[in-house]
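Here are my notes on this model, as promised. Have a look at it first, then read on.

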Amino acid sequence: MSTETLLLAPDTTGFARAAELLRAGALVAMPTETVYGLAGDARNDRAVAEIFAAKGRPRFNPLIVHLPSLEAVEEIAVVSDAARAIAERFWPGPLTLVLPLRADSGLSELVTAGHDTVAIRLPAHPVARALLKAFGGPIAAPSANPSGKISPTTAQHVLDGLSGKIAAVLDGGPCEVGVESTILSLDPPALLRPGGIAAEELEAVLGAPLPIGGDASKPNAPGQLKSHYAPGAAVRLEAVQPRPDEIWIGFGADCAGADLNLSPAGDVTEAASNLFAMLREGDAMARRRGAATLAFAPIPETGLGRAINDRLRRAAAPRD
Ligand code: TXA
Ligand code: MG
């Protein structure tokens, strides 16, 4: 379906219009502190089906449900004591918890892809929170990009990928964290996706090393990873210097001459916030200069570096 995508300001009028669109089953992209999400009413089968259609996302890949409060979470999922302790420490924020789904959750089955668990997150971004309040129900929201492409961290990124396919975008400026939420399952704890909360922080609260679970348990060799976050150009990792005809994306002070630098100061948190925008910018440079490859300097595997390296390995993975 082709419609003109509205750009809404993050004010009372914009929130009311966005909430009205959600109630009508339409899709609205909203900023969160991680990336922009493609929001739809999580109780409405038609709206959720539209999310999958707009992204070209396989239906077996379940969505994250966004909620305003722990009370709202308890209406949808079973919250154990362990889950509550983590939730109280890290919510609202860039953490998603996978919890047992309640039989009377009221969610569309498409959201959970038929699983008996549900991924839930309480975003901290004031615009996402204002929309949750104005809408008054659970919001299903994957990242607001065509499936397999680079996640959006500005309203313009959303329009670049989904203009004409969604009703509106709430413009909240650039996302602060810049990589998607960390996904944690509990009983027993396992890291399903590294993201905006460093695994070290979770381990400090859990009091034990966090094993890797789910998809992330596949070996971290690019050949075994599914392609995602793919720019047009090829991606080369651990590039201590560029080869001729490469766009070099640096990290830290040792990358003089880099075309772009994720963080000249060598700060992984700053690098995460720049990652997706620089993937896009590097890709545009490559197109202009006829370069075939984006070469990324090594990023330390600590703090948000783990999420950055995860995304870069997927960006470098062979494409279908
Ligand atoms: O930061 C974020 O998490 C962003 C913002 C918009 O909230 N959302 C996001 O959604 O990254 P998406 O759809 O791009 O990624 C959701 C991930 C998928 O990898 C999916 O497989 C996983 O969450 N997921 C959803 N439900 C799950 C479940 N019940 N068990 C395990 N993984 C689940
Ligand atoms: Mg995504």
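1. Ground rules. This is a predicted model, with local features needing pLDDT of at least 70, side-chain atom pairs counting only at pLDDT 80 or more, and totals for chains, interfaces and linings using all residues. Residues are numbered from 1 along each chain as its sequence is written, while chains are lettered from A and ligands numbered from 1 in the order in which they are written.

2. Domains. The chain is assigned domain 1 (6-216) and domain 2 (222-316), with bounds from an automatic or database domain assignment. Their centres, taken over C-alpha atoms, sit 26 Å apart. In the interface, 16 residues of domain 1 are in contact with 20 residues of domain 2 (contact: C-beta atoms, placed from the backbone, within 7 Å). On the domain 1 side, the touching residues split into six nonpolar, seven polar and three charged (Ala, Val, Leu, Ile, Met, Phe, Trp, Tyr, Cys and Pro are nonpolar, Asp, Glu, Lys and Arg charged, the others, Gly among them, polar).

3. Core. The largest nonpolar core has 104 residues, and Val28, Ala29, Val65 and Leu131 touch the most other members. A core here means buried Ala, Val, Leu, Ile, Met, Phe, Trp, Tyr and Cys residues joined through C-beta atoms within 7 Å; buried means 20 or more other C-beta atoms within 10 Å of the residue's own, exposed 12 or fewer, partly exposed in between. Leaving out residues up to four places away in sequence, Val28 touches Ala18, Leu21, Leu22, Ala39, Ala167, Ala168 and Leu170.

4. Ligand shell. Ligand 1 is surrounded by 25 residues, the closest being Thr34, Gly37, Pro62, Ala119 and Pro142 (a C-beta atom, placed from the backbone, within 6 Å). By class, that shell has eleven nonpolar, eleven polar and three charged residues. At least two residues come from each of β5 (95-100), β6 (117-121) and β10 (190-193), with β6 giving the largest share, four. Helices (H or I, at least four residues) and strands (E, at least two) are DSSP runs, numbered from the N terminus.

5. Helix α4. Which residues of α4 (residues 81-90) are buried? They are Ala83, Ile86 and Phe90.

Technical notes:
Contact = placed C-beta atoms within 7 Å.
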